[in-house]
Structures are given as C-alpha cells and as structure tokens.
Amino acid sequence: MIPPAEHRPWPLPDRPWVMTQTWYDLLFAHWPVPVALLRALVPPTLAIDTFDGEAWLGIIPFHMTVRLRGLPAVPGLSAFPELNVRTYVTVEGKPGVFFFSLDAGNRLIVAIARQWYRLPYFRARMTVDGAGDAVRYASRRIHQDAPPAEFAAQYRPVGDVFRAPTGSLAHWLTERYCLYTPGSRGRLRRGEIHHEPWPLQPAAARLDRNTMTLGHDIPLPATAPLLHFARRLRVIFWPLETLPLLP
C-alpha cells in the first residue's frame, strides 16, 4: 500500500512502482561544504542545491530489507547494510539526491544496481550491531579497482521523534523524493521515490573512522556534523526515467 502523499512537493508518478525497501537504524551525518568544491564532481546538467548559500554533504549508514513488487523476500539476498555518500541537487524544480558512492554488503545487489541503475555502488565488508538504543556500524570497501573507503561509528538517538518543519534545514536535507544519476549521451536519469515524512530524532555519534570522501578529494570540515537518527522507514521506488535534453 502506498502511504499518503499530501506532504510531497509534487504528485506521485502515474506509473507502477517496482520495489519497496525498509530502512533501519539510519544515521544522517551532514557537513556544510563549499559549492565550488562539489561543482567539479557533479555533472554540469545538475544544479547544486543550497540552503542559505551552503551546499551540504551527507554520509548515511543504515541497514535495509528489499522486496520487488509481487515477489516475496529472498533469504540471504533481501537484507543487507548500505552506506551512502551524497549531496543535494535540483533539476526543473525537483530537488533530489546525487550519490558519490553507495557501499553495500551484498555482492549481487551491487552488481544489479550498477547494471540497471548505473549508480556508483561498491562492495564492502560491513557489520551492524545494536545494544539497546546504540548502533555499532563498520564498513570497509573491498570492491575491485575502487578507491579505498572505511567507516566505523557508534551512534544513538538522544531525543524524541519529530517531523522536521517545512523550511527547516532538517527538512531540506531529508525530505527528498527523487535521485539523479547520469545516463548515456549526456542525458540525466531520475528515480522517483515515496515515503512518509521522516520520523527523525536528534542523535549523538562517535565517528571512529571515516575515509568515505577521500577518494572524491572532498575534505570534510573540522566542525562536528549535524546528526539525525531514524529507526525505521518504508520507501517505494519507481523505475528510472530518462529526462529530455535541457536547452
């Protein structure tokens, strides 16, 4: 069943969705970064989105379950950890997400996502453990011919669940309903998603190891990241669509 859509910034797609994912124990760790630093790394057809003049970079660890529409979950395949490095872009009034990398602890999922979605997925050796409210997360990339990247952290929620107010930075960072990825011949591809508003909580984290951005030559600022936690969210995905060439 598709969740209510009154909160969406544009209508739901008028074609069938193909996949649902449920994300668990997710940490949003965000840092402000200069627009000029990202401009050389993001396709020129994508406008870098900013909040009060600043671009933002996010590192998001979580674990998930996946199910294709009309099919049951597949044991050993449908549940795995994932770790994203992303920034925020917009095209034709539709703000979305651009991924620098997506590390996953499932060889087949990585192969399928690289082939079908042309997203920068990489194989990683990953562990996720929880004790009470705390989550211990570790990832080391093992993908052949890929830049090394590691992440190790402990994080937990430290406040009540809330829905980010429209216009706030937390809302701008999290309430995004599409992703963008380069297609062939300079075309862009958009992937629409849908979910309920994020059930966010303030978070605390200790980042023991984080080299996720070094392969992209993106130095993170020395300031502490902005942190949010979400325990669970179900997300619906539509197939990628190729956008018309922009004038």
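Two strands count as paired here if DSSP finds at least two bridges between them. Helices (H or I, at least four residues) and strands (E, at least two) are DSSP runs, numbered from the N terminus. With that in hand, Leu 179 has Gly 191 in strand 10 as its bridge partner.

A word on the source: this is a predicted model, in which local features need pLDDT of at least 70, side-chain atom pairs count only at pLDDT 80 or more, and totals for chains, interfaces and linings use all residues. Residues are numbered from 1 along each chain as its sequence is written, and side-chain values use heavy atoms, with hydrogens and water left out.

## The whole protein

Let us start with the overall picture. The protein has three helices and 13 strands. Its radius of gyration is 17 Å, close to the 18 Å that the globule rule gives for 247 residues, so the protein is as compact as a globular protein of that length. That radius is taken over C-alpha atoms, and the globule rule is 2.2 Å times the number of residues to the power 0.38. Along the principal axes, the C-alpha atoms fill a box of roughly 50 × 45 × 40 Å.

Of the 247 residues, 48% are buried; buried means under 20% relative accessible area, exposed over 50%, and partly exposed in between (1.4 Å probe, protein chains only). Among contacts with a separation of 6 or more, 70% are between residues 24 or more positions apart, where contact means heavy atoms within 4.5 Å.

Strand 10 covers residues 188-194, and seven of its seven residues are buried. In a regular strand the side chains alternate between the two faces of the sheet. Here both faces are covered: Leu 188, Arg 190, Glu 192 and His 194 are buried on one side, and Arg 189, Gly 191 and Ile 193 on the other.

| Partner of strand 10 | Residues of partner | Bridges |
|---|---|---|
| Strand 9 | 178-182 | five |
| Strand 12 | 226-237 | two |
| Strand 13 | 241-242 | two |

Arg 190 has Glu 241 in strand 13 as its bridge partner, while Ile 193 is bridged to Phe 237 in strand 12. Strands 9 and 10 form a hairpin with five residues between the strands, and there Arg 185 takes a positive phi near 55°.

## Strand 11 and its neighbours

Strand 11 (residues 201-210) is joined to strand 8 (residues 150-157) by seven bridges, and the two run antiparallel. In this pairing, Phe 151 stands opposite Asn 210. Strand 11 is also joined to strand 12 by two bridges, again antiparallel, with Pro 202 partnered by His 228.

Thr 174 is found in helix 3 (residues 169-174). Is this residue buried or exposed? At 3% relative accessibility, Thr 174 counts as buried. Leaving aside residues up to four places away in sequence, Thr 174 touches Phe 28, Trp 198 and Leu 200.

Two loop residues are also worth a look in the structure. Glu 92 has a positive phi of about 50° although it is not a glycine, and its place is in the loop between strand 4 (79-91) and strand 5 (94-104). With 57% relative accessibility, Glu 92 counts as exposed. Asp 145, not a glycine either, has a positive phi of about 60°. Asp 145 lies in the loop between strand 7 (134-141) and strand 8, and is exposed, with a relative accessible area of 78%.
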